[in-house]
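Hi everyone, thanks for coming. Let me put the structure up, and then I'll walk you through a few parts of it.

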Number of protein chains: 2
Amino acid sequence: MTAESPEPNVVSWNAGRIRLLDQSRLPAEEAYLEIDDCRVLAKAIREMRIRGAPALGVAAAYGLALAASRSSAVDPAGLLAQMEETAEMLRSTRPTAVNLAWALERVLGAARESAGATAMAEVALSEARRIHQEEIEAGRAIGRLGAELVPAGATVLTHCNTGALATAGYGTAVGVIRTAHEQGKRIRVLVDETRPLLQGARLTAWELQRLGIPFTVIVDGAAGEMMRRGRVDCVVVGADRIAANGDVANKVGTYSLAVLAKENRLPFYVAAPTSTIDLSTATGDEIPIEERPADEVTAFAGTRTTPDGAAAANPAFDVTPARYVGAVITERGIARPPYDESLARLLGTGARAVKTGASKW
Amino acid sequence: MTAESPEPNVVSWNAGRIRLLDQSRLPAEEAYLEIDDCRVLAKAIREMRIRGAPALGVAAAYGLALAASRSSAVDPAGLLAQMEETAEMLRSTRPTAVNLAWALERVLGAARESAGATAMAEVALSEARRIHQEEIEAGRAIGRLGAELVPAGATVLTHCNTGALATAGYGTAVGVIRTAHEQGKRIRVLVDETRPLLQGARLTAWELQRLGIPFTVIVDGAAGEMMRRGRVDCVVVGADRIAANGDVANKVGTYSLAVLAKENRLPFYVAAPTSTIDLSTATGDEIPIEERPADEVTAFAGTRTTPDGAAAANPAFDVTPARYVGAVITERGIARPPYDESLARLLGTGARAVKTGASKW
């Protein structure tokens, strides 16, 4: 972050290459990757050097622009075929966050409508930049709308990372916290460390510290006790995919928070851009939940935590049924139950159909 | 573990010294400490080289025997004063687990009734050995009684470590699992890794592997999702202190499991020896909850996980209100709600009053 720009440069188009902040090395080190090959981008995504549903969408969009600009294809059909192949590779990196498939489909759609291979590459980059800009603006709008739900003096519990790093923009749940803070509401934040990859401890703490918002990190298992002791006023989290009925896939541990919030009569809010809402997924049961490598659980910072040969399960996400969700805060407005109606209504304006099963409106 | 003894040698009296398995180094290394100074023992307890409520009671009892045997006091009054001073030091190491105060009071009580300084040291050691033997037998009885609550083929979710390591004996919650396994019930175990100190990943996994019981380690945040997916049949945990009304203090994260179990209509059981029940503590609100150093949360295996200057809260325990507890499995029987009646009834036989606020019957 510089004085000119308060945001970290999460992902950007930089002289024909993609510049990526390596989030796996934060907070110890602020290192950047310069990527000129989509296979390298796919690997970086799988290794979670960039993560967060909206940021993944932006990165994937730039990835298609990269593929188009580097292509040796001379005719539009050949270029489109190469882009579709690249899109398929990028789409398969992380199955749960729908923003990835959504952004790829948007760039492909724009490319299909363009004339000529050169124009196609330019159109792809323009569309990627448009997606990026829209996510930044969506975050600001989510912050503005969501902040109204956060009372002055509140302690907000959040999970994983949903700030600039996760969105390549302003943030979703952290964006709500940030706007409330900027409004002078004296917000405090309880940050779940978010095992296994500690996005809360590593990334959300890093962002809140830079924003000057007071926070305390806790282990995930302490969140319930903090609610029970009356130390939490509301829970705000992000989302990786929201089904048509309002079921929410988000970082594993979110469902537990939702149940604990209900039990302690605390509001539980989900903040996400409409690019995260997938009306083609009817319910949470249909959302594919990524199972990540067991060694994220059985080792830590190179140190083995379990005995050799111990088995581990590592679902990266969980599904919070819509009945626990008090509101879904989007850039177009706040959806309330029943979500099948309110989400469809939010997406109704400007909706356009896309082809793939993984796509939306 | 040897072929002769299936149990690790957690704590023992060894030629006038205390031999302690350093649990902070498991599973990487099976290292032992030889302790001939109670200040070193107190430090080892604070550093959680030995932990688990029943094991702490046994270690503290041996600690008083050590103090008595090493004392230079020539008269009984002088020795008793020294022992009381040592007891106070050991009692203050970990405030939540009541077994510590209970065991110290038992050894002091026995010493007070003995004649002469030499006899007092012998009596202290005998009482410590008796406490140790009783905890081993209590674990076996808890296993036998508790196994009846575990259906054949069940997947049992457990938290922290409650096996031989935690009890210097057979185990409480792990004892229940172990007995059910030995009965041929084809039990599977889901092991919460249990941040911050990973007693589940490090210790419970180590024990279950040696016992040949199939298990899978998960991050604490995944427990809810496993319940929601129908992958859990019951939850069994240990306890550090059970109040007269049935409220249970146990490793942080336990309360979350209890709420999630209720929400998913799964039985939630607490397994603990009667030495963990404290009728002098009316409710969970009165149980002191130890706040441990923040760096257990902000660093891991020497690697800092949060940015410099990040604040962390680290309550080591939480309180699960009695209404979530389906049964308390003790060596004297299974207590069911209402606990104020059932726990008092269990402790009624052979009850004797002791003096300190922290002690029990």
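Which way do the residues of strand 15 of chain A point, and are they buried or exposed? A:Ala327 and A:Ile329 point one way, A:Val328 and A:Thr330 point the other way, and all are buried. Buried here means under 20% relative accessible area, exposed means over 50%, and partly exposed is in between, with a 1.4 Å probe and protein chains only. Strands are DSSP runs of E with at least two residues, helices are runs of H or I with at least four, and both are numbered from the N terminus.

Some housekeeping before I go on. This is a predicted model, where local features need pLDDT of at least 70 and side-chain atom pairs count only at pLDDT 80 or more, while totals for chains, interfaces and linings use all residues. Residues are numbered from 1 along each chain as its sequence is written, chains are lettered from A and ligands numbered from 1 in the order in which they are written, and side-chain values use heavy atoms, with hydrogens and water left out.

Okay, back to strand 15 of chain A, residues 327–330. What does it pair with? On the parallel side we have strand 10, residues 268–271, joined to strand 15 by three bridges; two strands count as paired if DSSP finds at least two bridges between them. The partner of A:Ala271 there is A:Ile329. Strand 16, residues 333–335, runs antiparallel to strand 15, again with three bridges, and A:Val328 sits opposite A:Ala335. A hairpin through two residues links strand 15 to strand 16.

Staying in chain A, have a look at helix 7, residues 173–182. Eight of its 10 residues are buried, so the helix is largely enclosed by the rest of the structure. Among those buried are A:Val174, A:Ile177 and A:Arg178. Just after the helix, A:Gly184 takes a positive phi of about 80 degrees.

Across the boundary, 31 residues of domain 1 are in contact with 32 residues of domain 2, contact meaning heavy atoms within 4.5 Å.

Now, where do the chains meet through helices? Helix 10 of chain A and helix 10 of chain B, each residues 254–263, have axes that come within 10 Å and cross at roughly 80 degrees. Axes are lines fitted to C-alpha atoms, for helices over the stretch in contact, and angles run from 0 to 180 degrees between N-to-C directions. The two helices are therefore roughly perpendicular to each other; that label covers 65 to 115 degrees, with under 35 being roughly parallel, over 145 roughly antiparallel and the rest oblique. Residues making the contact include A:Tyr255, A:Val259 and A:Leu260 from one side and B:Tyr255, B:Val259 and B:Leu260 from the other.

Over in chain B, there's an open sheet of seven strands in the order 6-5-4-7-10-16-17, with mixed pairing. Its edges are strand 6 (215–218) and strand 17 (333–335), each pairing on one side only. From one strand to the next the twist averages 25 degrees. Inside it, strand 7 (residues 234–237) and strand 10 (residues 268–271) pair in the parallel sense over three bridges, and B:Val236 has B:Tyr269 as its bridge partner.

B:Val236 comes up again with B:Ala173, which touches it along with others including B:Thr162 and B:Ala271. B:Ala173 lies in helix 7 of chain B and is buried, at 0% relative accessible area. B:Ala173 and B:Thr162 are 11 residues apart in sequence but 5.6 Å apart C-alpha to C-alpha.

Most residues other than glycine have a negative phi, and most peptide bonds are trans. In chain A, a cis bond joins A:Arg195 and A:Pro196, with omega about 5 degrees. In chain B, a cis bond joins B:Leu26 and B:Pro27, with omega about 0 degrees. Then B:Met48, not a glycine, has a positive phi of about 60 degrees, and B:Met48 is buried at 5%. B:Thr194, also not a glycine, takes a positive phi of about 70 degrees and is buried at 0%.

Terms used. Lists of a residue's contacts leave out its neighbours within four places in sequence.
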